[in-house]
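Work through the exercises below with the sequence and the model side by side, and try each task before reading its solution.

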Amino acid sequence: METEKFRDCLCWAREFRHMSKIYIINDDPYLDITLKGFLKEEGYEILDTAMNPNIVIINRTLTSDKLDAIPTFKLLDSNVKIMYLTDDSSDQAKARARNSGVDMFIVKPFLLDDFVDAVVKLSNK
């Protein structure tokens with residue numbers, strides 16, 4: 001009985017993942033292609049425009065002007081999840097990101113499997 005419940009939950013999570021639409025803001029063309037390709041293989045829809053995403057992934061140097069866009073996404077859709085990829089692991093950077101509305105903060109470099117696991121967590125929140 002428990003196995004069936006687990007299997008049902010797993011199927012639901014996979015279906016939900018396939019419904020997730022992701023918009024990526026990236027200043028690194030190589031990483032952009034890599035992330036988009038990897039997420040497409042996992043069944044996510046990658047958007048070319050910021051129209052109604054479930055998840056926004058931002059990969060840029062963590063500066064206040066880049067963080068200013070985050071409240072706009074949250075204003076347009078309070079349910080949108082924001083993931084921030086950065087090479088700044090300082091507590092100050094994490095605090096700035098969280099105060100701006102970032103839901104998940106990932107420090108580069110990272111393994112692609114860990115990245116996808118983080119996207120799955122955001123999808124299921």
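The model is predicted, and local features need pLDDT of at least 70, side-chain atom pairs count only at pLDDT 80 or more, while totals for chains, interfaces and linings use all residues. Residues are numbered from 1 along each chain as its sequence is written, and side-chain values use heavy atoms, with hydrogens and water left out.

**Exercise 1. The fold**

Task: State how many helices and strands the protein chain has, and give the order of the strands in the sheet.

Solution. Begin with the secondary structure, where helices (H or I, at least four residues) and strands (E, at least two) are DSSP runs numbered from the N terminus. The protein chain holds 6 helices and 5 strands, and along the sequence they follow the pattern α-β-α-β-β-α-α-β-α-β-α.

Next, take the pairing, for which DSSP must find at least two bridges between two strands. The 5 strands form an open sheet with parallel pairing, in the order E2-E1-E3-E4-E5. E2 and E5 stand at the edges with a single partner strand each, so one side of each is left without a neighbour in the sheet. From one strand to the next the twist averages 25°, where axes are lines fitted to C-alpha atoms and angles run from 0 to 180 degrees between N-to-C directions.

**Exercise 2. The faces of H5 and H6**

Task: Which residues of H5 are buried, and which of H6?

Solution. The classes come first: buried means under 20% relative accessible area, exposed over 50%, and partly exposed in between (1.4 Å probe, protein chains only). In H5, the buried residues include Ala-93, Ala-97 and Ser-100. They cover an arc of only 65° around the axis, which puts them on the same side of H5; the arc is that of the directions from the helix axis to the C-beta atoms. The face of H5 turned away from this buried side carries the exposed residues Asp-91, Gln-92, Arg-98 and Asn-99.

In H6, the buried residues are Phe-115, Val-116, Ala-118, Val-119, Leu-122 and Ser-123. Seen down the axis of H6, they fall within an arc of 155°, so they line one face of the helix. Asp-113 and Lys-121, on the other side of H6, are exposed.

The 12 residues of helix H6 (residues 112-123) should span 16 Å, and the end C-alpha atoms are 16 Å apart, which agrees.

**Exercise 3. Aromatic pairs**

Task: How many aromatic pairs does a search of the whole structure find?

Solution. Rings of Phe, Tyr and Trp (its six-membered ring) pair if their centres lie within 6.5 Å; planes under 30 degrees apart count as stacked, over 60 as edge-to-face and the rest as tilted. The search finds 2 aromatic pairs. The rings of Tyr-23 and Phe-73 have centres 6.4 Å apart and planes at 45°, so this pair is tilted. The pair links distant parts of the chain, with Tyr-23 in strand E1 (residues 21-26) and Phe-73 in helix H4 (residues 69-76), 50 residues apart, and both Tyr-23 and Phe-73 are buried.

The rings of Phe-110 and Phe-115 have centres 5.6 Å apart and planes at 25°, so this pair is stacked. Phe-110 counts as partly exposed at 21% relative accessibility, whereas Phe-115 is buried with a relative accessible area of 0%.

**Exercise 4. Backbone details**

Task: Which two residues does a cis peptide bond join, and where is Asn-52 placed?

Solution. The cis peptide bond joins Lys-108 and Pro-109, with omega about 0°, and Pro-109 is found in the loop between E5 and H6. Asn-52 lies in the loop between strand E2 (45-47) and strand E3 (55-59); although Asn-52 is not a glycine, its phi is positive, at about 60°.

Note on methods: The expected span of a helix is 1.5 Å times one less than its number of residues.
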